[in-house]
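Subject: A structure for you to look at

Hi there,

Here is the structure I promised to pass on. Please open it beside this email, and read on for what turned up.

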Amino acid sequence: MLDLLIKNARYAVTSNKKNEILEGVSIGIKDGKIAYIGTEAPDAKTIFDATDKLISPGLINSHTHLGMSLLRGWAEGVNLQGFLERVWAAEGAIMDEATCELGTELGALEALLSGTTTTMDMYLNPVATHRGAVRVGLRHIAGPIFFDFPGLDGLQWSQRIERAHQWPAELAKIGGPFIPTYFMPHSTYTDSPENLTEVAAIAKALGARIHLHVSETEAENADVQTRYSKSPTEVCRDTGILDVPTIFGHGVHLSDSDMKIAASKGTSVGHCPGSNLKLGSGLARFNEMRKAGITVGLGTDSCSSSNDLDMFSVMRMAAHVVALRQSPADVDLTSIVRAATIEAAKAVGLGDRVGSIEIGKEADLIALDLHAAHLTPVHDVNALLVFAAGRGDVTDVWVAGDQVVAKRQSTKIDLTDLIKRVNLRVKALEPLK
Ligand SMILES: [Zn+2]
């Protein structure tokens, strides 16, 4: 008997190989996995009536910093450099371990309520952030971070290396939905080639993957070029980073040659159009990257630069960026939906587990209520998802079959209590205003 039958969905966007959009279909879940897709009604312990609902794979945010949700609206009217200066000052003032955990709880809750079931989260104190996100029910990819200098966490380089070795055991202790093991050096402008080489070697030895910022701005490219006479991608290649599965955050200013390198190494990109537009960083070449053979997922970046974790608005902006850079005829809506689901899953190393509605996949699913004026009529389901639907339409969310959002409410934590704790903690930022 099935554990759950999501019954009679008006649409199911599968993101399978054929990009099928099924109608009047039921989806059965057993032991956290999708065990049935069809039009019959097999026995199930629980029935979820999906009449007038759209079921989609949970959205996957392939680049973010959830802890920075506490800094929403903190750095406005600045470019990336100004942004970093303002944010680093605030982080220095409040981001101890408990605060990182609190900010991540807030971000994880926002993500889940918005229909995002997996996030690639680079932030300080990953043990604490992971604990917070798992508590809320998110599939939360975290990992030790690396800077040359003792960052806000005060760690020396040797301690960072030590933490990296301890990370797999820490992950096992915390539990939660499966995630790949990741190491997260911040970027080629904060980590020396020597240090990147060391991280790459440890990642290779431990079978870990790597996530770092690459070519977010032209200034970054120029800075790295001045220092090393190489592009950030070339630095990654020459330090061995690209010899392990790697995902770049942003990749706005990858040259044709960088794209060729990334594609040949199986490197993927987390494209964050919202953050790139807000900070004036540029318009990433989404179609060109895909054409070059790079797997591209979508992401929000942090709440201080985007200012939310809304993957529906990210899909919309990704489409707008293509229309603006190229033309509306170059906007392939299926590719946008896939970049928020299965392509993002592949980009973060979870392509065989989540990102599509297929038998055997883990049941990371979301339900959207289509009984709404702004979602009527439906001429094109992908256009509905990208241009008309929003996160407010998400009613129910499952991660590995566990219902973490029911009727737009978390089943795991109390929102009112969380808001109270957040507002109390951010009072410490008042003197910096
Ligand atoms: Zn970032």
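In what order do the 3 strands of the open sheet lie, and is the pairing parallel or antiparallel? The order is β6-β7-β8, and the pairing is parallel. Before going further, please note that this is a predicted model: local features need pLDDT of at least 70, side-chain atom pairs count only at pLDDT 80 or more, and totals for chains, interfaces and linings use all residues. Residues are numbered from 1 along each chain as its sequence is written.

Helices (H or I, at least four residues) and strands (E, at least two) are DSSP runs, numbered from the N terminus. Two strands pair if DSSP finds at least two bridges between them. In general, strands of a sheet pair through backbone hydrogen bonds, either parallel or antiparallel.

Strand β7 (residues 116-121) is joined to β8 by 3 bridges, and Met 120 is opposite Ile 141 in β8. With β6, β7 pairs over 4 bridges, again in the parallel sense; here Thr 64 sits opposite Asp 121 in β7. Of the 6 residues of β7, 6 are buried (20 or more other C-beta atoms lie within 10 Å of a buried residue's own, against 12 or fewer for an exposed one, with partly exposed in between; C-beta atoms are placed from the backbone).

Touching here means contact: C-beta atoms, placed from the backbone, within 7 Å. α2 is mostly covered, with 15 of its 17 residues buried. From first C-alpha to last, α2 reaches 24 Å, close to the 24 Å expected at 1.5 Å a residue (1.5 Å times one less than its number of residues). After α2 comes Gly 115, whose phi is positive, near 90°.

A sheet of 6 strands

Another open sheet has 6 strands in the order β9-β10-β11-β12-β13-β14, with parallel pairing. Its edges are β9 (145-146) and β14 (296-298), each with a single partner strand, so one side of each has no neighbour in the sheet. Two bridges link β9 to strand β10 (residues 182-185), and Phe 146 is opposite Pro 185 in β10.

The two domains

An automatic or database domain assignment gives the bounds: domain 1 is 2-57 + 362-410 and domain 2 is 59-348. Their centres, taken over C-alpha atoms, are 28 Å apart. The contact takes 24 residues from each of domain 1 and domain 2. On the domain 1 side, α15 gives the most, with 5 residues.

Enjoy exploring!

Methods
Two residues are in contact if their C-beta atoms, placed from the backbone, lie within 7 Å.
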